Amino acid sequence: MKIPTRLEPLIEEGLIDSVICQLMSGKEAMIYMVSSGGRARCAKVYKDSNKRDFHHCSSYTEGRKIKNSRRARAMEKGSHYGRSAREEAWQSTEVDMLCRLATVGIRVPKFYNLFAGVLLMELITDSEGNVAPRLSELILTPKQARTYHKILIDQIVQMLCVGIVHGDLSPYNVLVDGEGPVIIDLPQAVSATENHQARIMIKRDIDNLTAYFSRFAPELAHSDYAAEIWSYYQRGQLPQARLTGNVKQQEKPVNVGNVLQIIDSVLRKEVAWQRHKQTKWNNHSSQY
C-alpha cells in the first residue's frame, strides 16, 4: 500500500521497514500494521486535534503536572507552541501509562517507540496469529462473559491500586488475544488522587463493560462493582478486598410496627404527664 505521509519519517529513521495495511480508524488515531525488524508491529498515528472526535477536555487533563513552567503557561494560553506542547503531553501520557501499567502486570501492548506523533507498539494477535478483535466484535458464551468481566474488573482494581483510572474504557478499547482481554487507548488516563472526576470516570468505565457483558450473562446487570471498588479504595483496603459486586446499604429497612409502638408510647406518656400537671394544678387551686 501507499505509505501514509505521517509514517514516512519512521521509515527514513529506520524505525519501520514497510507499511502492511491499515487496521482501523478511531476517534483519536489511525492504526496501521507495519513491519519493523522483520516483525509485525502496530503503528498508532495520532490525528491532528482539529480532526479528532475526542477532545482534550479539562476533566481529563486536570491534575496532570507539567514540570516546565514555560510550557505550562503556553498550554494555558493556547498559543501555537502551547497547542503543540499539549499534543505532545497527550501522547506522552499514553506512553507513560503503557510502561507503568506493564510493570505492575496490567495487560497492555508493549511500547517500542514514540516518534513524530506516531506510537510504535506491539501488535496484539489471537491464538491463530491473526490481528486480535475488539471485545465489542465478539459473541460470548455466558461463561466467557463472566470470565472476561472478572479479568477486567481485576485489571481496573490493579490500575486503581497504582493510582490510575483509564477514563474511556469500553468494549471498543479492549482487544482479546489468545490469553484474554488486553486494554488499549490510554492517552486520557487520569490520576485517581489528583483528578476530581476520577470516581465518575471509573464508574463510567465499569458501567460500559457491565452493560456489554450483561448481554451474555444477564445477572451481571444487577452488580455494582464501581461503588464497591471506590469504597474500598477510599478506605485503603483495595488490594485485600474480596469483591462481590454488591454494596451493603447503611440504612436498615424501617420496622413500621416498632415505629408505631414508640409513637404510641410517647403519646401515652404525654397524656399521663398532662393529667398529672392538671391534677397538681387543681389541688393547688383548691387550697385557696
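This is a predicted model: local features need pLDDT of at least 70, side-chain atom pairs count only at pLDDT 80 or more; totals for chains, interfaces and linings use all residues.

Biologist: Why is the pair Tyr212 and Phe213 called edge-to-face?

Modeller: The ring centres of Tyr212 and Phe213 lie 5.3 Å apart. Rings pair if their centres lie within 6.5 Å, so this is a pair. The planes stand at 70°.

Biologist: What makes Tyr212 and Phe216 an aromatic pair, and of which kind?

Modeller: Tyr212 and Phe216 are 5.3 Å centre to centre, against the limit of 6.5 Å. The angle between the planes is 70°, over the 60 degrees needed, and that pair is edge-to-face. A search of the whole structure finds three aromatic pairs. Ring pairs link Tyr212, Phe213 and Phe216 into a cluster.

Biologist: How do you know whether Tyr212 is buried or exposed?

Modeller: Tyr212 has a relative accessible area of 5%. Buried means under 20%, so Tyr212 is buried. Phe216 has 12%, so Phe216 is buried by that cut-off. Phe213 is buried as well.

Biologist: Why is E5 described as largely enclosed by the rest of the structure?

Modeller: Four of the five residues of E5 are buried, so the description holds.

Biologist: What makes E3 and E5 paired strands?

Modeller: Two strands pair if at least two bridges are found between them. E3 and E5 have five bridges, in the antiparallel sense. Arg41 stands opposite Glu122 in E5.

Biologist: How do you know that E4 pairs with E5?

Modeller: Four bridges join strand E4, residues 111-115, to E5. The cut-off is at least two, so they pair. E4 and E5 run antiparallel. Leu114 stands opposite Leu119 in E5. E4 and E5 form a hairpin with two residues between them. In the turn, Ala116 has a positive phi of about 50°.

Biologist: Which residues are closest to the centre of the second largest pocket, and how much space lies in it?

Modeller: About 420 Å³ of space lies in the second largest pocket. Of the 27 residues that line it, the closest to its centre are Met24, Ile31, Arg134, Ile184 and Asp185. The elements giving two or more residues to this lining are strands E1 (18-25), E2 (29-36), E3 (39-46) and E5 (118-122).

Biologist: What is the lining of the second largest pocket by class?

Modeller: The lining has 16 nonpolar, four polar and seven charged residues.

How values were computed: Residues are numbered from 1 along each chain as its sequence is written. Side-chain values use heavy atoms; hydrogens and water are left out. On a 1 Å grid over the protein atoms alone, a cavity is a set of points where a 1.4 Å probe fits but cannot get out, and a pocket is an open set with protein on both sides within 12 Å along at least five of seven lines; lining residues have an atom within 4 Å of a point. Grid points are joined across faces, edges and corners, and a volume is the space filled by probe spheres set on the points. Ala, Val, Leu, Ile, Met, Phe, Trp, Tyr, Cys and Pro count as nonpolar, Asp, Glu, Lys and Arg as charged, and the others, Gly among them, as polar. Rings of Phe, Tyr and Trp (its six-membered ring) pair if their centres lie within 6.5 Å; planes under 30 degrees apart count as stacked, over 60 as edge-to-face and the rest as tilted. Buried means under 20% relative accessible area, exposed over 50%, partly exposed in between (1.4 Å probe, protein chains only).
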